[in-house]
Amino acid sequence: MPVMELKNVTKTYKMAGGGTFEALRGISASFEAGELVAIVGESGSGKSTLMNAIGGLDSDFGGEIIYEGKNLRNFSTQELVDYHKKSIGFIFQNFNLISHLNLIDNVSMAMTLSNVSEDFRKKRAKELLRKVGLEKHMYKKPDQISGGQKQRVAIARALVNDPDVIIADEPTGALDAETTDTILDMIREIAEEGKLVLMVTHSDKVASHCSRVLRIDNGELISDEQQLDLEYTENTREDIKVKNMSMWKAIKLAFLNMKAKLGRNLLVALGSSIGIMSVVLMLALGKGVTSYVSSTMKSYTNPNITEVHKKSSTQQTTKNPQNMSREEIAKQQQENMAALTGSGTNTGFTKKDIEKLSKIKHVDRYQKGYSSFSLGTNTVKYNNKQASLMMLQTMSDSISKSSIVEGKAPKNNHEIMLDRATADLLGKNILDKEVTLTLKIGEKTITQNFKVTGLYESQSQSSSTVFFTYAGLQDLYKTNQEKLLPNVVYLHTANKDNTKMIKDKVKDLGYTGSMQEQMTEMFTKMLNIITWVLTAIAAVSLVVSAIMILVVLNISVVERTKEIGVLKALGARRKDIRRIFASEAFLIGITSGAIGVVVTYVLGFFINNFTKAAFEVNVVSMTTKYAIAGIVISVVISMIAGILPSNRASKLDPVEALRKE
Ligand SMILES: Nc1ncnc2c1ncn2[C@@H]1O[C@H](COP(=O)(O)OP(=O)(O)OP(=O)(O)O)[C@@H](O)[C@H]1O
């Protein structure tokens with residue numbers, strides 16, 4: 001039974017400007033195993049066109065090419081892939097070795113594409129390289145060997161999966177006379193081992209070595225002569241199992257290519273890492289600053305306490321100031337001032353308010369408090385030295401013990417605590433001494449002596465402050481016929497995890513938190529906005545990265561067009577080519593992500609070192625979450641950028657790709 005049969009094969013090329021060209025006009029022939037067939041003819045007669053059709057690189061032909069009883073034109077995609085892998089071996093005029101792979105990897109490429117085990121793949125490649133006399137060179141790259149040696153490697157590559165048809169398109173066309181003889185001997189040996197060899201040649205000398213000569217002219221078979229009878233041994237084919245290439249193999253191939261163009265790929269990765277670095281750094285900076293603000297705030301307050309204030313009328317009104325009359329604005333300003341100084345009419349908590357607050361879930365007790373702000377009305381005097389007091393405040397559990405830096409909290413009605421800066425103004429050793437306070441109580445101004453029991457220091461409150469016990473202040477008001485209404489309530493919970501819930505409930509009920517808390521909230525909100533705006537600006541550079549990766553991968557596709565053609569001739573599926581290029585995009589992405597993240601860590605370390613020394617603060621808070629996010633963003637962007645080039649590569653026509661100069 002013939003190995004291959006051609007029945008009236010025709011090929012018509014469609015021309016770009018319209019019209020058609022008939023390159024093959026009804027070729028019929030039949031080939032047996034062990035034949036060495038020369039296909040000769042003038043340039044342009046249709047030899048390569050016929051070989052492409054027989055080799056399964058071009059299925060768009062007329063007539064029938066029968067292999068194992070089936071017409072090649074009707075092969076499914078998978079059948080065609082298997083045909084390339086198992087049945088056909090190609091030898092090209094210009095060798096078409098893959099320049100960045102060593103000889104072993106070149107020879108065994110068809111096996112790599114077939115997912116053959118690593119050990120067997122290497123063993124088989126070494127065996128074939130030994131057969132063609134190149135075992136000493138197996139770790140060299142193609143450009144380290146001569147033309148004749150390259151063609152021997154190509155012969156070994158064609159034989160790797162032990163196919164039964166070898167197609168050699170002018171295999172000696174680029175070789176000198178002596179090397180031509182060696183290669184021809186090798187090709188003849190292949191036929192003698194029982195394979196069908198179809199060899200395109202221009203040379204009559206080369207044709208004279210063949211068992212049969214087919215002459216083609218203008219797309220027609222003009223003669224078919226039997227010349228010699230080759231003795232051949234029955235081909236006992238090796239049973240090499242071919243499967244589809246795994247993703248892992250695609251990544252490995254991509255990695256080898258990346259290594260070959262290391263400088264360029266590293267530069268691209270470095271370029272796109274700048275975008276990743278900016279994004280991650282912005283996020284880490286935002287988080288660092290925000291958590292610094294809230295931790296500073298938290299460190300000066302007791303986490304189990306919720307400080308509650310009444311909303312001032314500005315906070316309550318929904319009226320736009322532009323729509324208010326002059327009187328309304330003036331009234332509002334008065335009230336704002338009053339709220340600020342703690343003397344406003346609506347800032348005091350009524351019994352009803354307190355009851356409502358004390359009933360909030362998880363609140364186990366509450367404390368009343370009072371704080372007011374004034375300029376110049378309250379003063380403290382000690383030994384002829386005087387200081388003004390801007391804040392008047394009552395003691396509560398929200399004042400952490402650590403902020404009482406000397407002495408202890410006032411307990412009795414005639415005891416007070418002062419902030420350290422004010423105490424220093426009055427002179428050293430003020431602790432346990434009597435000082436004279438001049439205070440505005442309601443409408444009256446009174447002067448009275450108090451004992452300083454403690455000194456207070458906190459970064460969250462820098463104004464000069466005097467602290468009374470609530471009972472002490474209440475008593476002072478009473479003796480002066482005034483009534484003290486609490487303007488702050490402290491809610492206590494046993495478990496600090498409930499504090500957040502309580503704070504939310506307080507807001508729901510229409511009250512607000514402490515001034516610091518409100519400011520922190522506002523500041524954090526602003527910081528978050530700034531962080532996201534900066535991150536978005538930084539993210540623009542990611543678009544630049546994506547374009548850069550797209551351009552580089554496109555260049556790579558153009559540069560490697562011929563290689564893609566070879567891979568397809570060796571049985572690579574579209575999917576395999578797409579995977580190789582997608583893997584390259586993935587590798588660029590992961591490298592740039594990793595560079596970006598490492599650089600951010602290093603930068604963060606230096607920035608923190610600097611800010612720690614200058615302000616005792618770490619401003620960059622780099623977390624694993626950000627590192628992972630950086631790498632993921634980078635990979636996703638490169639993979640998206642890689643879609644177009646890898647699709648383009650996978651769609652390349654093998655015939656056109658192999659023709660590419
Ligand atoms: N894609 C194509 N579109 C149009 N015409 C084509 C195309 N490819 C080949 N041809 C034409 O088909 C004819 C046969 O080309 P083919 O390459 O098969 O010739 P050949 O005999 O192999 O020539 P050579 O020995 O120079 O390689 C030529 O006239 C060529 O111009």
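Mentor: Here we take some labels one by one and set each against its cut-off. Keep in mind that this is a predicted model.

Trainee: Okay, Asn487 first. Why does Asn487 count as buried?

Mentor: A residue is called buried if 20 or more other C-beta atoms lie within 10 Å of its own. Asn487 has 22 C-beta neighbours inside 10 Å, so it counts as buried. Asn487 sits in the loop between helix 15 (470–479) and strand 20 (488–492). Its C-alpha atom is 7.9 Å from that of Lys368, although the two are 119 residues apart along the chain.

Trainee: On to helix 7. How do you know that the span of helix 7 agrees with what it should be?

Mentor: The expected span is 1.5 Å times one less than the number of residues. Helix 7 (residues 177–192) has 16 residues and should span 22 Å; its end C-alpha atoms are 22 Å apart, so the two agree.

Trainee: Which residues of helix 7 are buried, and why do we say they line one face?

Mentor: The buried ones are Thr180, Ile183, Leu184, Ile187, Ile190 and Ala191. Look down the axis of helix 7 and its buried residues fall within an arc of 110°, so they line one face of the helix. On the other side of helix 7, Glu178 and Asp185 are exposed.

Trainee: What do the buried residues of helix 7 pack against?

Mentor: Their partners are strand 3 (36–41), helix 6 (147–159), strand 7 (165–169), strand 8 (196–201) and helix 8 (204–207). After helix 7 comes Gly194, with a positive phi near 100°.

Trainee: You mentioned strand 7. Why is strand 7 called largely enclosed?

Mentor: Five of its five residues are buried, so strand 7 is largely enclosed by the rest of the structure. In a regular strand, side chains alternate between the two faces of the sheet. Here Val165, Ile167 and Asp169 are buried on one side of strand 7, and Ile166 and Ala168 on the other.

Trainee: What makes strand 7 and strand 8 count as paired?

Mentor: Pairing takes at least two bridges between the strands. Strand 7 and strand 8 have five, in the parallel sense, so they pass the cut-off of at least two.

Trainee: What about strand 11 and strand 21: how many bridges do they have?

Mentor: Strand 11 and strand 21 (residues 511–512) have two, in the antiparallel sense. The cut-off is at least two, so that counts as pairing. In that pair, His309 stands opposite Thr512. Strand 11 (residues 305–310) also pairs with strand 20, antiparallel over five bridges, and Thr306 has Leu491 as its bridge partner there. Six of the six residues of strand 11 are buried.

Trainee: Last one, the ligand. Which helix gives the most to the shell around it?

Mentor: That's helix 1, with three residues. Helix 1 (47–54) and strand 2 each supply at least two. By class, the shell has four nonpolar, seven polar and one charged residues. Among the residues around the ligand are Tyr13, Phe21, Gly44 and Lys47.

Terms used
Residues are numbered from 1 along each chain as its sequence is written. This is a predicted model: local features need pLDDT of at least 70, side-chain atom pairs count only at pLDDT 80 or more; totals for chains, interfaces and linings use all residues. A residue is near a molecule or strand if its C-beta atom, placed from the backbone, lies within 6 Å of it. Helices (H or I, at least four residues) and strands (E, at least two) are DSSP runs, numbered from the N terminus. Ala, Val, Leu, Ile, Met, Phe, Trp, Tyr, Cys and Pro count as nonpolar, Asp, Glu, Lys and Arg as charged, and the others, Gly among them, as polar. A residue is buried if 20 or more other C-beta atoms lie within 10 Å of its own, exposed if 12 or fewer, and partly exposed in between; C-beta atoms are placed from the backbone. The arc is that of the directions from the helix axis to the C-beta atoms. Two residues are in contact if their C-beta atoms, placed from the backbone, lie within 7 Å.
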